[in-house]
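Q: I would like a close look at one part of this model, taken together with the local backbone and helix packing around the rest of the chain.

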Amino acid sequence: MEKVKVGILGATGSVGQRFVELLENHPFFEVAALCASEKSVGKAYGDLMKSRWKISSDIPSYAKPMVVTSPEPKETPGLQIVFSGLDASIAGEVETAYAEAGVMVISNSKNHRMVDNVPILSAEVNPEHLAVLDAQLTKGKIITNSNCTIMGVTIALKPLFDQFGIESLMIFSMQAISGAGYPGVPSMDILGNVVPFIGGEEPKAESEPQKCLGHVQDGKIVSADFKMSAHCNRVPVFDGHTVCISVKLKKKASKEEIISLWRNFQAEPQKLSLPSAPPKPIIYREEDDRPQPRLDLYEGKGMGVVVGRLREDPILDWKFVVLSHNTVRGAAGAAVLNAELLYKKGYLRSK
Ligand code: NAP
């Protein structure tokens, strides 16, 4: 079967490198374009990335000879999807240009996330949000991921939200340095330190979960109505965002019920056996000191959301800890999973 031609925008960055890795030998998709900024254009990816590749496996051989192009639709005709790991300063206009050219855009940037008819798609959480794509007027459509911190949070909350409802939520993040892209936070600011501020992060963390867990009405996504507060911190961890969560539920729940919901959680990607779907989207660990980035980050090849430390909260109802891989589950892996969902559900235009 002929594969769907895809492009990676921002292919040289932290998220872009993950796309290059995860799309190697993909059963549905073939990478036909690697795009980045002016300073990278015209160079062979393998040469350009020799000192910039930050993933432990080698640069995939398919990508090494590919020449980096600028992110413009006319550069590579025939693309059906572009995965965007572009810097937010440029992502908005570039992604719109691809959508206007008829290409399906799957973005990791914040630019289009809060537009009514743009889903913040999380394949396990809200596949029904794809219904709003018809309300986008461009020939191609735009889908986004949530912020990387919020991805694991909303997956862990989804079964609780469906079963008990959510009244209010407090989250405290400990976010890895790779979340700031490359080269990211200067080593002298982060080594042996904690930085209790990440520019622009808390407003995103306080609005995206409600949209992810919202419902579709009249072609728009209506956000869920719970209140929430977020503290976002940068910590000296390379990959993996850890989030402490306290939640007040609308209905009473027992510890056993919550753990059972997490352990048995299955969603559309598992039912459709999508290639990037982890068999268990949520893994609950009983140990007092888990999850930990060093030990638990690669559950489900980085697509598993690891939860632990469920206990009663003296102010709200329950508190627990969630860990997810920021460039895999929080970015490239989730975007590839979304693309697999679109493919299986027939959302890709015919060539
Ligand atoms: P990054 O490492 O800084 O990479 C940015 C990419 O954008 C690079 O490929 C860069 O190309 C390209 N770029 C920058 N300016 C450009 C321009 N004017 N024209 C064309 N390309 C340009 O950033 P990142 O961490 O991968 O993040 C990418 C996006 O994903 C951001 O919007 C970020 O907020 C979001 N995100 C990041 C994470 C994470 O964990 N890192 C998770 C979720 C979402 P050059 O190398 O040629 O400059």
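Is aspartate 218 buried or exposed, and what is its relative accessible area?

A: The model is predicted. In it, aspartate 218 is exposed, with a relative accessible area of 74%. The cut-off for that label is a relative accessible area over 50%. Aspartate 218 sits in the loop between β7 (215–217) and β8 (220–222). Its backbone has a positive phi of about 50°, although aspartate 218 is not a glycine.

Serine 273 is not a glycine, yet it has a positive phi of about 50°. Its place is in the loop between α9 (268–271) and β11. With 60% relative accessibility, serine 273 counts as exposed.

Other backbone features concern proline. The peptide bond from tyrosine 182 to proline 183 is cis, and its omega is near 0°. Proline 183 lies in the loop between β6 (166–175) and α5 (187–190). Arginine 290 and proline 291 are also joined by a cis peptide bond, with omega about 5°. Proline 291 belongs to the loop between β11 (282–285) and α10 (293–296).

Turning to the helices, α11 (residues 328–344) packs against α4 (residues 148–164), their axes coming within 8 Å and crossing at roughly 85°. Angles of 65 to 115 degrees count as roughly perpendicular, so α4 is roughly perpendicular to α11. On the α4 side the contact is made by Cys148, Met151 and Ile155, and on the α11 side by Arg329, Gly330 and Ala334. Sorted by class, this contact has four nonpolar residues, one polar and one charged.

Helix α11 also meets α1 (residues 14–22). Here the axes come within 9 Å and cross at roughly 45°. The two helices, α1 and α11, are therefore oblique to each other. The crossing of α1 past α11 is right-handed. From α1, the residues in contact are Val15, Arg18, Phe19 and Leu22; from α11, they are Val328, Ala331, Ala332, Gly333, Ala335 and Val336. By class, the contact of α1 with α11 has eight nonpolar residues, one polar and one charged.

Note on methods:
Residues are numbered from 1 along each chain as its sequence is written. This is a predicted model: local features need pLDDT of at least 70, side-chain atom pairs count only at pLDDT 80 or more; totals for chains, interfaces and linings use all residues. Side-chain values use heavy atoms; hydrogens and water are left out. Axes are lines fitted to C-alpha atoms, for helices over the stretch in contact, and angles run from 0 to 180 degrees between N-to-C directions. Helices (H or I, at least four residues) and strands (E, at least two) are DSSP runs, numbered from the N terminus. Angles under 35 degrees count as roughly parallel, over 145 as roughly antiparallel, 65 to 115 as roughly perpendicular and the rest as oblique. Contact means heavy atoms within 4.5 Å. Ala, Val, Leu, Ile, Met, Phe, Trp, Tyr, Cys and Pro count as nonpolar, Asp, Glu, Lys and Arg as charged, and the others, Gly among them, as polar. Buried means under 20% relative accessible area, exposed over 50%, partly exposed in between (1.4 Å probe, protein chains only). A crossing is left-handed if the near helix is turned anticlockwise from the far one by less than a right angle, and right-handed if clockwise.
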